Amino acid sequence: MRRILKYVMFDILRNRFVIGYCLFIMLITFGLLSLEEGSSKSTLSLLNIVLLVVPLISIVFATIHFYNSYEFMELLLSQPVRRSTILYSEYFGVSCSLSVAFAIGMGVPLIFLNQGLVSIYLLLSGIVLTFVFVSIALLGAVNSKDKARGIGTSLLLWFFFTAIYDGLVLLILFSFSDYPIEKYLLAFISLNPIDLARVAILLQMDTAVLMGYTGAVFSEFFNSWEGLLFSSGLLLLWAILPMLLTVRIFKRKDL
Amino acid sequence: MISVHNLHKSFGKLKVLDNVSINLEPGNVVALIGPNGSGKTTFIRSILGMVKPEQGSILYDGEEILNAWKYRKNIGYMPQLAKFPERIQIKELLDMMKDIRNNNNTDHIDEELIELFDLKKIYHKRTGTLSGGTKQKVSAALTFLFNPKVLILDEPTTGLDPVSAEILKNKITKEQAKGKLVLITSHILSDIEEVASHVMYLHEGKLEFVKSIEQLKMETKEISLNKAIVKIMQQKNK
């Protein structure tokens with residue numbers, strides 16, 4: 001496993017995309033932090049980067065990288081190597097290099113300009129979301145042989161988790177606004193990794209007050225130890241389960 | 001060494017392998033022939049575990065290969081079309097495979113083909129820039145590199161120039177003499193006649209016969225393998 005992981009990382013570093021990604025995040029973070037003095041305003045902008053840009057880059061890069069390494073995988077399949085080793089190396093290779101790039105890109109400016117608990121939350125959510133979306137990307141990629149379809153699927157999944165899902169939740173919220181559905185809302189949010197990360201971070205900021213009664217319910221839940229454990233546990237599940245499913249499918253596939 | 005029992009495989013409605021059973025023994029060069037789409041490559045890829053059969057079993061030295069992986073250290077596989085990661089140099093590719101196979105023990109490394117194909121001259125070329133024939137040469141060198149007990153060659157001579165094809169054929173004969181099992185597919189029957197000891201004939205996924213070349217020639221009363229095979233194919237069509 002370590003040997004193959006080494007070659008996957010080597011290949012990723014060689015194509016320089018990850019370095020560009022790191023610099024891009026760093027530039028934006030520096031820019032946002034120095035533009036807006038009020039820390040909660042700039043944190044909100046950073047939050048949007050973590051919730052939109054990180055999942056997008058992770059899911060698209062992981063999908064493309066999977067298809068581009070197909071030759072490498074075929075070569076390995078005729079060697080004494082487990083199929084699962086090949087796939088896990090791909091998973092950890094891509095998600096580790098992307099999350100290191102993200103952690104450096106956003107972490108360095110944060111250390112200089114905005115130290116605090118919220119910054120740590122931002123960094124951790126970004127890293128976990130990277131793993132989650134690489135895992136989802138591989139699940140999509142292993143299910144379609146066609147590269148264009150695979151990339152299309154991954155974009156659609158990203159769009160689903162960032163926009164469509166929230167739309168559906170809002171719709172439900174509107175239709176049942178007469179009932180006390182906060183608890184069910186909590187369940188809905190748990191099913192979307194991006195929402196989970198968003199709520200967990202928002203509640204660390206002063207703006208949580210603005211969320212009214214719902215905010216109070218969430219705040220009570222997420223700010224307790226159980227709530228924190230629950231949300232991070234769910235996020236980890238999101239990183240692990242799609243990957244386990246991917247390995248299962250990959251093992252039984254004709255290649 | 002490799003025994004296949006009642007192997008079935010279909011892709012959708014198409015039956016690609018239909019009840020194939022065969023024993024492959026060391027010291028033989030078995031030529032797998034048959035028309036296009038008769039299931040030759042699927043058969044080979046089943047042995048390598050890339051294609052999962054629906055029914056039947058494949059044993060390597062008596063052990064089931066389904067979901068196993070260690071047995072592949074004894075197999076060298078040369079695919080029909082060589083595919084390598086594109087951004088990597090030939091030398092890096094060979095070093096990487098040695099590393100992945102955990103084979104830094106130089107006694108077991110066989111670099112004869114690298115020498116004969118003169119690959120060291122182009123060691124620093126990237127594999128993405130190579131011509132089809134050169135890729136085949138690299139692929140062949142890689143197949144023989146770890147001195148495996150079983151060699152599986154899927155149309156190895158296509159794309160090779162006559163000199164290189166000759167080198168490869170000599171190498172195959174040499175390895176056979178060391179007691180290795182070679183499984184080879186080709187449409188060039190004259191090549192097969194030179195290297196093979198046995199012929200297995202697949203037709204629409206069914207194994208029609210396995211015979212030694214002498215036996216084939218005797219039964220059909222022909223001097224060349226080419227004519228013998230054509231005669232058999234015509235008889236089948238009647």
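**Notes on the predicted model**

1. Read along the sequence, chain A of this predicted model runs α-α-α-α-α-α-α-α-α-α-α. The tally for chain A is 11 helices and 0 strands.

2. On overall shape, chain A has a radius of gyration of 19 Å, close to the 18 Å given by the globule rule for 255 residues, so chain A is as compact as a globular protein of that length. The C-alpha trace of chain A spans about 60 × 45 × 30 Å along its principal axes.

3. Taking the contacts in chain A between residues at least 6 apart in sequence, 79% join residues at least 24 apart.

4. On confidence, the predictor assigns the complex an ipTM of 0.86 and a pTM of 0.89. For chain B, the mean pLDDT is 89, and 97% of the residues of chain B reach 70 or more. As a reminder, where pLDDT is low, the predicted coordinates should not be read in detail.

5. How many residues does each chain bring to the contact? Chain B supplies 17 residues and chain A supplies 18 residues. On the side of chain B that touches chain A, helix α2 (residues 90-100) of chain B gives the most, with 3 residues. By residue class, that side of chain B divides into 9 nonpolar and 8 charged residues, with no polar ones.

Key:
Residues are numbered from 1 along each chain as its sequence is written. Chains are lettered from A and ligands numbered from 1 in the order in which they are written. This is a predicted model: local features need pLDDT of at least 70, side-chain atom pairs count only at pLDDT 80 or more; totals for chains, interfaces and linings use all residues. pLDDT is the predictor's confidence in each residue, from 0 to 100. Two residues are in contact if their C-beta atoms, placed from the backbone, lie within 7 Å. Helices (H or I, at least four residues) and strands (E, at least two) are DSSP runs, numbered from the N terminus. Ala, Val, Leu, Ile, Met, Phe, Trp, Tyr, Cys and Pro count as nonpolar, Asp, Glu, Lys and Arg as charged, and the others, Gly among them, as polar. The radius of gyration is taken over C-alpha atoms; the globule rule is 2.2 Å times the number of residues to the power 0.38.
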